[in-house]
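Hello,

Here is the structure I promised to pass on to you. Have a look at it first, and then read my notes below.

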Amino acid sequence: MAAKVSIPEFQATALDDIPGIASAARGAFRVHKTKKLEWRQLQLRKLYWAMEDYQPQLLAALMQDLHKSDFESILMELDWVKKDCLFMLDHLEKFAKDEKLGSPHVPATYSFMKFRVRKEPLGAVLIIGPYNFPVQLLLAPLIGAIGAGCTAVLKPSELTPACAMVIKEMVEKTLDTSAIAVVNGAIPETNALMNEKWDKIFFTGSAAVGTIIAKKAAETLTPVVLELGGKNPAFISKNANLALAAKRLLWGKTVNAGQVCLSQNYVLIDKDLVETFITFLNQAYKEMFPKGAQASPDLGRIVNQRHFQRLKKMLDDTRGRIVMGGGMDEADKFIEPTAVLVDSVNDPMMQEESFGPIFSIYPVNSLDEAINVANTVHRTPLSLFSFGSKAEHQRILNEMTSGGATLNDAFFHASVNTVPFGGVGDSGWGAYRGKASFDCFTHFRTISETSSWSEKLIAVRYMPFDMSKLKMLARFTNGKPNFDRNGKVVKGFGYWAAMLCGLGGKSAKGAFVRWMVVLVAHYLYTNGVGN
Ligand SMILES: NC(=O)c1ccc[n+]([C@@H]2O[C@H](COP(=O)([O-])OP(=O)(O)OC[C@H]3O[C@@H](n4cnc5c(N)ncnc54)[C@H](O)[C@@H]3O)[C@@H](O)[C@H]2O)c1
Ligand SMILES: CC1=C(/C=C/C(C)=C/C=C/C(C)=C/C=C/C=C(C)/C=C/C=C(C)/C=C/C=C(\C)C=O)C(C)(C)CCC1
């Protein structure tokens with residue numbers, strides 16, 4: 001249980017203050033204070049310890065807002081952010097260092113121009129968070145922004161007011177408030193923030209609001225990262241371990257009471273397996289919740305009445321049959337982990353994003369049909385899950401896209417904090433986490449340097465032009481294709497020479513290994529080893 005701590009009442013930031021807050025973030029960036037590595041390191045170290053020191057308040061806030069268990073809060077929110085701080089600190093110097101550009105980026109003929117990429121912070125950024133992981137999904141992008149050297153304004157979700165207030169206090173008491181600020185509020189406050197000029201907007205939330213944000217950002221050509229949702233499919237074939245699939249998918253729908261953008265919306269399963277799968281699902285349910293889900297201290301609650309009603313309506317409107325769970329208690333905002341067996345792709349349980357502990361099961365006759373249904377329901381979901389043989393995994397990966405994918409489990413591809421994460425198409429633009437978080441807030445600025453001594457070498461570019469010099473330059477720099485007009489590879493002199501020198505090896509490594517074998521064999525033979 002979370003310790004007894006007091007959390008202030010939610011208070012929105014005054015609308016009149018918002019332009020000043022945004023202008024301070026822009027101003028702090030202009031005086032270059034956040035570009036210094038020492039500043040970035042200090043903020044990350046302070047954030048790490050703030051997460052430690054504010055743990056009781058954060059746990060209490062997560063419990064208050066979402067009834068999130070301390071176990072999930074620590075694993076998926078607090079420790080996650082702390083691990084992110086440590087990762088960024090461990091690698092920051094390397095990430096931020098200029099990168100020399102050599103082969104294959106810069107041809108040898110231009111190597112004297114010292115091509116390099118400088119990692120520049122984008123500037124003042126706005127980070128807008130959702131309600132489901134109100135700590136992690138707001139602070140993980142902030143770690144990327146700080147690492148890259150940006151200033152930032154955070155806008156937590158108003159649907160998790162306790163978390164929003166604790167985060168505001170934590171940031172204001174521990175970080176450099178001249179460069180990092182928190183604005184609390186709902187639509188009017190977000191609109192006021194969106195009326196300001198930002199160098200990047202990082203938005204996590206629904207596709208509907210993401211569309212509003214992207215449209216508004218387009219007016220000032222402000223780049224946006226969108227981390228959105230999706231109708232994520234799970235595929236189960238005859239080659240799957242059914243009991244394991246049932247247990248793992250049930251886990252995916254019980255984390256945070258299923259309020260996870262990544263969890264499966266529906267399961268496409270071979271029709272012959274349906275009844276056994278349902279038996280395994282119910283068995284797994286009993287193992288996880290021996291006294292029933294509502295009595296379990298581990299299961300979260302639906303964030304508010306609006307979302308409770310939305311989920312209830314999905315269950316009321318379905319023409320399917322409830323085969324696991326189905327219970328609910330409005331006063332407690334409790335919805336039981338629920339599976340619904342449906343027979344139509346048009347069922348609301350297939351067509352709407354569940355974003356709760358409910359999902360549908362749709363029987364199919366073949367993998368072809370499953371892939372076809374999934375591509376029809378949502379062509380670019382945030383994630384997909386495949387339970388079957390290696391060949392079936394490959395077919396699914398090849399014939400359907402998604403932001404990320406987990407084979408043989410629920411959303412594990414997104415459960416490690418250092419691995420890039422993002423959607424595709426309408427489930428999101430851009431990625432973050434690990435190094436991708438640094439890159440997300442960085443401008444990769446290419447720089448070259450032309451020395452005075454090289455003037456004669458590169459004088460060919462000046463007018464009056466001389467075609468003979470251009471031909472000479474082309475001979476040195478243009479290269480020759482190893483393919484003909486039909487796209488067929490031509491095995492000319494160069495190819496056979498490389499094959500001969502490489503003893504038939506197709507790569508430098510292959511050639512090296514072959515040469516080593518020959519030399520060792522030669523050595524052994526000439527020294528009479530083994531005679
Ligand atoms: N891809 C991801 O990483 C990810 C993570 C969590 C949630 N999600 C998605 O987010 C959705 C649930 O989260 P949510 O309900 O907090 O999302 P939401 O889009 O309702 O809210 C997100 C943020 O936008 C603000 N907002 C809401 N309406 C707005 C408006 N009209 N104009 C401007 N700002 C507005 C909110 O205050 C909040 O801070 C689901 O669709 C889920 O799939 C995606
Ligand atoms: C420790 C040792 C070993 C390793 C043990 C391992 C690997 C244990 C694995 C434990 C598991 C299964 C942990 C699960 C973690 C899940 C997490 C963190 C989920 C996170 C979810 C998130 C962030 C959700 C995000 C939601 C979003 C973005 C949208 O809504 C051995 C076995 C190697 C031996 C030595 C000891």
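In what order do the 7 strands of the open sheet run, and what is their pairing? Before the reply, please keep in mind that this is a predicted model. The order is β10-β13-β14-β9-β8-β15-β16, with mixed pairing. Because β10 (321-324) and β16 (404-407) each have a single partner strand, they stand at the edges, and one side of each is left without a neighbour in the sheet. On average, neighbouring strands are turned by 25° against each other, direction ignored.

Further inside that order, β9 (residues 264-270) pairs with β14 (residues 358-364) in the parallel sense, over 5 bridges. One detail to look up there: D270 has V364 of β14 as its bridge partner. Helix α14 (residues 390-399) packs on the sheet, where it touches β8 (232-236), β15 (383-387) and β16. The direction of α14 makes about 155° with that of β15.

Now to ligand 2. There are 15 residues around it, and those that come nearest are W80, N132, Q136, C261 and S415. Two of these can be described in detail: a side-chain N or O atom of N132 is 2.7 Å from an oxygen atom of ligand 2, and a polar backbone atom of C261 is 2.8 Å from an oxygen atom of the ligand. On its own, ligand 2 has 890 Å² of accessible area, and the protein covers 50% of that.

By class, the shell holds 11 nonpolar, 3 polar and 1 charged residues. Helices α4 (70-96) and α5 (136-148) each supply at least two of the shell residues, and α4 gives the most, with 3.

Enjoy exploring!

Best wishes

Technical notes: Residues numbered from 1 in each chain as written. Chains lettered and ligands numbered in written order. Predicted model: local features only at pLDDT ≥ 70, side-chain atom pairs only at ≥ 80, totals over all residues. Heavy atoms only, no water. Near = heavy atom within 4 Å. Polar contact = N/O pair within 3.5 Å; in protein donor to acceptor, adjacent residues only side chain to side chain. Areas by Shrake-Rupley, 256 points an atom, 1.4 Å probe, with all protein chains shown as cover. Helix = DSSP H or I, 4+ residues; strand = E, 2+ residues; numbered from the N terminus. Nonpolar A, V, L, I, M, F, W, Y, C, P; charged D, E, K, R; others polar. Pairing = 2+ DSSP bridges. Axes fitted to C-alpha atoms, helices over the stretch in contact; angles between N-to-C directions. Contact = heavy atoms within 4.5 Å.
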